[in-house]
Amino acid sequence: MSSQEQEHLNGAGFETRAIHAGYDPDPTTGAVNPPIYATSTYKQDGVGGLRGGYEYSRSANPTRTALEGALAAVEGGTHGFAFASGLAAEDTLIRSLMKPGDHLVIPDDAYGGTFRLVDKVVAVWGVEHSPAAVHDVAAVAEAVRPGQTRVVWAETPTNPLLNVADIAGLAEIAHAVGALLVVDNTFASPYLQQPLELGADVVVHSTTKYVGGHSDVVGGALVVKDAELAERIAFHQNAMGAVAGPFDAFLTHRGLKTLAVRMERHCDNAERIADFLTSHPAVGEVIYPGLETHPGHATAARQMRRFGGMVSFRVTAGREAALRVCERARVFTLGESLGGVESLVEHPGLMTHASVAGTDLEVPDDLVRLSVGLESVEDLIADLEQALG
Ligand code: P1T
């Protein structure tokens with residue numbers, strides 16, 4: 001598992017890293033997959049005599065180590081950290097980087113749970129925040145406070161409005177005032193977008209989504225490329241303790257291995273569905289970064305390999321009609337979350353983003369969000385046709 005043993009992966013392609021990074025076949029059994037190390041503690045050979053550095057599974061567990069190595073490799077980072085959920089990763093990151101009195105810029109259409117964490121938990125702790133349209137570099141330049149802003153937080157594409165932020169542009173603004181750029185890469189996945197290469201300092205994931213990919217595990221991740229940052233996060237990961245358990249780490253790692261092929265099909269299907277919706281009379285605006293009409297299309301084309309599996313749209317007849325589409329769908333399952341093999345439909349205003357109702361982050365009530373899965377695209381289109389009819 002040491003980096004020396006994995007020298008053959010230097011310069012390897014994305015798929016090769018996703019499948020092989022973090023773990024070499026077990027030297028005693030030849031097992032090609034990391035065992036689920038269901039252990040909380042490790043026998044020491046004399047006091048402090050650790051075998052392979054493991055002493056207690058909050059600090060490190062070999063199944064988690066394998067996943068963390070793979071996560072670092074697919075994001076082009078040097079250190080990965082796996083957490084119990086995306087929000088656990090975010091909370092640990094914020095407390096690693098900030099202290100009371102510091103200031104954070106947050107997207108004005110951030111995932112509702114991220115905004116709730118910042119607005120209801122972190123704010124009480126004394127960190128100030130400003131929502132800003134992070135897809136507009138000039139708006140972020142106005143929102144930062146030199147000397148006080150420690151973090152510029154971006155999601156791109158955003159959840160659920162699919163706004164696209166210019167990662168390299170934001171990195172410049174953040175670094176000019178001594179802040180770090182954090183990018184939540186959940187919607188793009190590491191296959192479609194590599195924020196560290198574009199200048200971001202930290203990548204955040206809800207690995208619950210595309211990385212895990214099968215809607216069978218909740219998890220989160222942080223990836224960095226700087227040793228000092230890694231040390232601070234490692235300290236807080238252990239001190240706060242919101243780690244991924246070994247079974248969750250195993251499932252997430254298993255999902256990661258097929259990320260590239262899954263993402264290609266998610267993108268194929270989403271492109272077809274965006275085209276179908278664009279010509280449907282009951283649909284108003286169709287929001288998909290792959291459409292040339294999307295205001296972030298050029299930026300997305302520059303920094304993403306393809307445009308992802310999420311499509312949002314507004315139903316012309318309003319909120320009740322939008323709710324009816326969600327409830328009539330049959331192949332699309334009505335439910336929160338995204339990024340799994342099965343297609344999901346939801347009403348962000350009443351579901352995933354209910355926690356931002358009444359704030360600047362409120363989303364339109366005629367908005368429907370699709371997580372386009374891997375079913376036959378003809379079946380998905382027929383399902384939307386009947387749901388909209
Ligand atoms: O659910 P959790 O693993 O804690 O991750 C939180 C999170 C963070 N960032 C983004 C961009 C997210 O979309 C999420 C979780 N989102 C949903 C559950 C959802 O349905 O949008």
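Reply: Helices (H or I, at least four residues) and strands (E, at least two) are DSSP runs, numbered from the N terminus. Thr 92, for instance, is found in helix α3. This is a predicted model, in which local features need pLDDT of at least 70 and side-chain atom pairs count only at pLDDT 80 or more, while totals for chains, interfaces and linings use all residues. Residues are numbered from 1 along each chain as its sequence is written, and side-chain values use heavy atoms, with hydrogens and water left out.

Me: Is Thr 92 buried or exposed?

Reply: Buried means under 20% relative accessible area, exposed over 50%, and partly exposed in between (1.4 Å probe, protein chains only). Thr 92 has a relative accessible area of 1%, so Thr 92 is buried.

Me: Which residues is Thr 92 in contact with, leaving aside its neighbours within four places in sequence?

Reply: Contact means heavy atoms within 4.5 Å. With those neighbours left out, Thr 92 is in contact with Phe 83, His 236, Gln 237 and Met 240.

Me: How do I read a sheet, and in what order do the strands lie here?

Reply: Two strands pair if DSSP finds at least two bridges between them. Here 7 strands form an open sheet with mixed pairing, in the order β1-β7-β6-β5-β4-β2-β3. Strands β1 (79-83) and β3 (128-132) are at the edges with a single partner strand each, so one side of each has no neighbour in the sheet. From one strand to the next, the twist averages 20 degrees; angles run from 0 to 180 degrees between N-to-C directions, and axes are lines fitted to C-alpha atoms, for helices over the stretch in contact.

Me: How many bridges join β5 to β6?

Reply: Strands β5 (residues 180-184) and β6 (residues 202-206) run parallel and are joined by 3 bridges. In this pair, Val 182 stands opposite Val 202 in β6.

Me: Which strands does helix α8 lie across?

Reply: Helix α8 (residues 227-240) lies across β1, β4 (149-155), β5, β6 and β7, and runs at about 20 degrees to β1.

Me: What describes two packed helices?

Reply: Two packed helices are described by the angle between their axes and the distance between the axes. In this model, the axes of α2 and helix α9 (residues 246-256) cross at roughly 35 degrees and come within 8 Å. Their crossing is left-handed, a term used if the near helix is turned anticlockwise from the far one by less than a right angle, with right-handed used if clockwise. The residues of this contact divide into 9 nonpolar, 3 polar and 1 charged. Ala, Val, Leu, Ile, Met, Phe, Trp, Tyr, Cys and Pro count as nonpolar, Asp, Glu, Lys and Arg as charged, and the others, Gly among them, as polar.

Me: Where does Phe 307 lie?

Reply: Phe 307 lies in the loop between α11 (297-303) and β9 (310-315). Its relative accessibility is 17%, so Phe 307 counts as buried. Phe 307 and Cys 267 are 40 residues apart in sequence, yet 6.4 Å apart in space, C-alpha to C-alpha.

Me: Which domains does the domain assignment give?

Reply: Domain bounds come from an automatic or database domain assignment. The assignment for this protein gives domain 1 (4-256) and domain 2 (260-388). Their centres, taken over C-alpha atoms, are separated by 26 Å. Domain 1 gives 40 residues to the contact and domain 2 gives 43 residues.
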